[in-house]
Amino acid sequence: MWLLMAVLSAVFAGVTSILAKCGIKKTDSDVATALRTVVVLAFSWLMVALTGSYTPLGQLQTRSLVFLVLSGLATGASWICYFKALSIGNVNQVVPVDKSSTVLTVLLAIIVFHETANLTVKLIGTALLAVGIFLMVERKQTQEKTASRGWLLYAVGSAVFAALTSILAKLGVRDVASNLATAIRTGVVLVMAWLIVLIKGKGTLVRSLDAKELAFIALSGLATGASWLCYYYAVQHGVLSVVVPIDKLSVVFTVAFSYFVFHEKLSKKALVGLGLMVAGTLLMAVFA
């Protein structure tokens, strides 16, 4: 069941990137992140209510709450970097770098959770992922070099914080229902996202939102909520060093969707990189 949830997480995450890109053509990325989080939070608490997985926060272990809050803060930082990168670069540029969080997460999972079963397979798979990511990172044309450096910096930041998110979440969901854990984390992200909007003085931008882009932002929030619910169920019940690579297969769906929606084509080198990423992921999913 957790393998199926990991795959569904990848599908919904792939859809999220495309919907989000459609929603930030004119909308500020910080505002878009804050608005998406409102949708994700509502969706998360709806799932808590439907599944009856609510537990009063006072009854949860302090340790679990601390790690869930830290995971939420890391998620918020990752989102802010990710959607800023999307607003600057192409989807096919940003997503592979963001997915490099897989490499760091697998290595941290081996160290922190001692997931050393089939260690050789995991390390080979991780190496394939790293090489594939390197091949998929392509530079823009000369006139856009400055912007190119900008998106890369934010995409790397997104990857680092995403890796921390997975490790902290695994520590925080040991004794908490995955749906409730997702809702708690999302609440932390919501506070963080709106604080950044207010601190940067972007609150007035909410009034002038394009209705079409707002719809895409809302849909991306729903896709994110669905992806998170599947992902944290898989994290709680499965092997983290296997779940994370499967979840990152969302890059395949993202590349396919971006081709049809934005007409963003991959070079031969990038296609080879994508193939290596898929091979590394499948190697770990099947044999690790």
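Which residues form one aromatic cluster? In this predicted model, in which local features need pLDDT of at least 70, side-chain atom pairs count only at pLDDT 80 or more, and totals for chains, interfaces and linings use all residues, the cluster is formed by Trp-79, Tyr-82, Phe-83, Trp-228, Tyr-231 and Tyr-232. Residues are numbered from 1 along each chain as its sequence is written, and side-chain values use heavy atoms, with hydrogens and water left out.

The search of the whole structure returned 7 aromatic pairs, where rings of Phe, Tyr and Trp (its six-membered ring) are paired if their centres lie within 6.5 Å, with planes under 30 degrees apart counted as stacked, over 60 as edge-to-face and the rest as tilted. The ring centres of Tyr-82 and Phe-83 lie 5.1 Å apart with the planes at 75°, so this pair is edge-to-face. The pair formed by Tyr-231 and Tyr-232 is likewise edge-to-face, because its ring centres are 4.9 Å apart and its planes stand at 80°. Burial was assigned from relative accessible area (buried under 20%, exposed over 50%, partly exposed in between; 1.4 Å probe, protein chains only). Tyr-82 counts as buried at 8% relative accessibility, as does Phe-83 at 2%, and both Tyr-231 and Tyr-232 are buried.

The charged end of Arg-36 sits over the ring of Trp-79, at 4.7 Å from its centre, while that of Arg-185 sits over the ring of Trp-228, at 4.8 Å from its centre.

Cysteines were also examined. With a disulfide defined as a pair of cysteine sulfur atoms within 2.5 Å, the search of the whole structure finds 0 disulfides. Cys-81 is buried, with a relative accessible area of 14%, and Cys-230 is buried with a relative accessible area of 9%.

Asp-30 belongs to helix H2, which spans residues 29-51; helices (H or I, at least four residues) are DSSP runs numbered from the N terminus, as are strands (E, at least two). Asp-30 is buried, at 6% relative accessible area, and its side chain makes a polar contact of 3.0 Å with the side chain of Lys-200, such a contact being a pair of N or O atoms within 3.5 Å, of which, within protein, one must be able to donate a hydrogen and the other to accept it, and for which residues adjacent in sequence count only if both atoms are side-chain atoms. Apart from its neighbours within four places in sequence, Asp-30 is in contact (heavy atoms within 4.5 Å) with Ile-80, Ile-196, Val-197, Lys-200 and Lys-202.

Note on methods
A charge sits over a ring if NZ of Lys or CZ of Arg is within 6 Å of the ring centre and within 35 degrees of the ring normal.
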